[in-house]
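Me: I am new to this structure. Please take a close look at one part of it for me, the salt bridges, and walk me through them.

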Amino acid sequence: MRKYSWNSFKDLIFRNPAAVDQDPHVDDGDENTERGNWASKKEYILSTIGYAVGLGNIWRFPYLAYKNGGGAFLIPYFVMLVVAGIPLFFLESAFGQFCSQGPINIWRSVPILQGVGVAMVIVTIIVSIYYNVIIAYSLYYMFASFQSPLPWSSCLSWADSNCSNTPIVSCNVSGVLVANLTQENSTCPSSNMTTVPVQSPSEQYWDHVALQRSSGLDETGPVVWHLALCLLLSSMIVAAALIRGIKSSGKVVYFTATFPYVVILILLIRGVTLEGARDGIEFYIGSQSNLTKLTEAQVWKDAATQTFYSLSIGWGGVMTLASYNKFHNNVFKDAFVVTLTNAGTSVLAGFAIFSILGHMAHIYKMPVGEVVKEGFGLAFIAYPDALSKLPISPLWSILFFFMLFTVGLDSQFAGIEVITTCLLDSFPKIFKSKRALLTITTSSILYLLGLPCVTRAGIYWVTLIDQFAASWVLLCLVLLEIIGVCYIYGGNRFIKDIEMMIGKKSFTFWLWWRACWFFICPCVIVVILIWSLMTFTPPSYGGVPFPVWGLVLGWCMAVFMLLWVPVIAVYKFIRAEGSPWKRLKSLCSPAGEWHPYLDIHRGERYSQDRCRLRMSLRTKPEVNVNIISSSWL
């Protein structure tokens, strides 16, 4: 392994471009000696799997499966994966690999839609802010797990009178309260019993200790310093892993992308040996699966939504990671490997989650459905509560939260890589020799922007960003992406580009992909988008509604991200020359800079003469030359 002295480390960060002959982030064996390539196919696959497999696979999919008919939910989920998930993942991977550029420069193919790439980067920046905060939550809980017993296993000094390990009932006789009793020890007639609302120790620990949650978004409060320090640590780890770009992160993912599977298997093996585990699995995808749920449109909507978000389509990360592949890499096979692994991880994680939740329900003598939660409630309340009931509970808790930490890291790696890659591609002379400094600066800025999310109102900010930045905005961007690639750039032209990379394929081979790209995917996205907007409900957290100004801020955030699309389109239209029709036609045709990155891969279709011809048409629109402008050529 390459070793650095202090002087060489300083040289890596503050390198003088005039003093070097080669970019320190490019190896001698790279095909692309300017941008660099993955050191091996394994590093790309592991990085992409790590990016796709996020926290949603752990804390959202199992709940959706339980809510939407158990095992029956797998049918619409895999249908949506085949008709939308895999085709769109394949499209984005091929798009990035063909031109070896990030999500902004990639729109040289359709200059009028370059704002889509800018919007993707803005979304990634905003999401990276709060995703880093979730990693900090995981770190805090991991450190808190180095105690025995676990601090959330019982009601301690931080708890209030509403805290209880077991359900409490009140016994009323003739309208007079006789006693408050635990449900299991109560001798009160059932007709006189009423349940007293209580909170579990894990729920109060999350609110009172970990978050120190305020009463709402209006009450910001001070920074919660233990979370701020965990946020700083996670930012430093991300920066260190990306100090040499994909050359260093590609080595880190050998651990971060594989370790979660080890933990999931350990938790699964431990879970299925517990009493009550069978009940949990039955609730998940067992005999209680409800096939009649397949007739409900909401189930199909949830399946499609989970497919889009779990594969991270529309964020720019899939394109960015693929842009570092070698030109003739078989991106078609890679798309299947990554998407199917992602789906399998979701299903496997569900078994590990529900087996232990079943044990928790058995201890509390409650139905499994009453202990199941999603999102933060599952990861930081229900599951930690269940783990605290196991022998050697600190060990299982450390493993679980370290798994969440590594799962979050992989997704954060790709998010930072999107930002730095776009800056490097747009300003290579400025940043090429200062990539390490650029990575450290980016991580530092994201840390500072994340500090409001670790105040006492931080969880409300995280929820607000998640609701408005990582939801229907992405659907709009993916829809514009499909329109741009298939209908403006040209689906058949794009297929020929792919064949330049993976070889000639038959017409029947492409028939399915044409159907998905031109018809099925756009229809699915439009239906989900319209449905999401029609059924939109103002976000809240813990039953606390957001103030009006918070909702206005959320909508402004969403509009700001999408506004880049029309603004850049209008700007380019004004700057173009010729009549309005010729301007529009030139902006809907590939720019002269659109081609495979290296000359040896351009062939006849992207020869220098043809690229110069496209440039002449852009600068001299009066030249009436008919080049491959039709979207079907």
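Reply: Start with Arg213 and Asp207. Their side chains meet in a salt bridge, with 3.0 Å from N to O. This is a predicted model. Arg213 is partly exposed, at 23% relative accessible area. Asp207 is buried, at 8%.

Next, take Arg35 and Asp425. Their side chains also form a salt bridge, at 3.1 Å from N to O. Arg35 sits in the loop between helix H1 (6-13) and helix H2 (41-52). Asp425 belongs to helix H16 (residues 393-426). Arg35 is buried, with 8% relative accessibility. Asp425 is buried too, with 13%.

Now look at Lys41 and Asp334. A salt bridge joins their side chains, again 3.1 Å from N to O. This pair links distant parts of the chain as well: Lys41 lies in helix H2, and Asp334 lies in helix H14 (residues 331-364), 293 residues away. Lys41 is partly exposed, at 39% relative accessibility. Asp334 is buried, at 4%.

These pairs are among the eleven salt bridges found in a search of the whole structure.

For contrast, turn to a nonpolar spot. Ile75, Val79 and Leu291 form a nonpolar patch on the surface. Together they have about 250 Å² of accessible area. Val79 is in helix H5 (residues 74-99). Val79 is partly exposed, at 34% relative accessible area.

Definitions and conventions: Residues numbered from 1 in each chain as written. Predicted model: local features only at pLDDT ≥ 70, side-chain atom pairs only at ≥ 80, totals over all residues. Heavy atoms only, no water. Patch = residues over 30% accessible without salt bridge, like charges linked within 9 Å, V, L, I, M, F, W, Y side chains within 5 Å. Areas by Shrake-Rupley, 256 points an atom, 1.4 Å probe, with all protein chains shown as cover. Salt bridge = Lys/Arg side-chain N within 4 Å of Asp/Glu carboxyl O. Helix = DSSP H or I, 4+ residues; strand = E, 2+ residues; numbered from the N terminus. Buried < 20%, exposed > 50% of the residue type's maximum accessible area, 1.4 Å probe, protein only.
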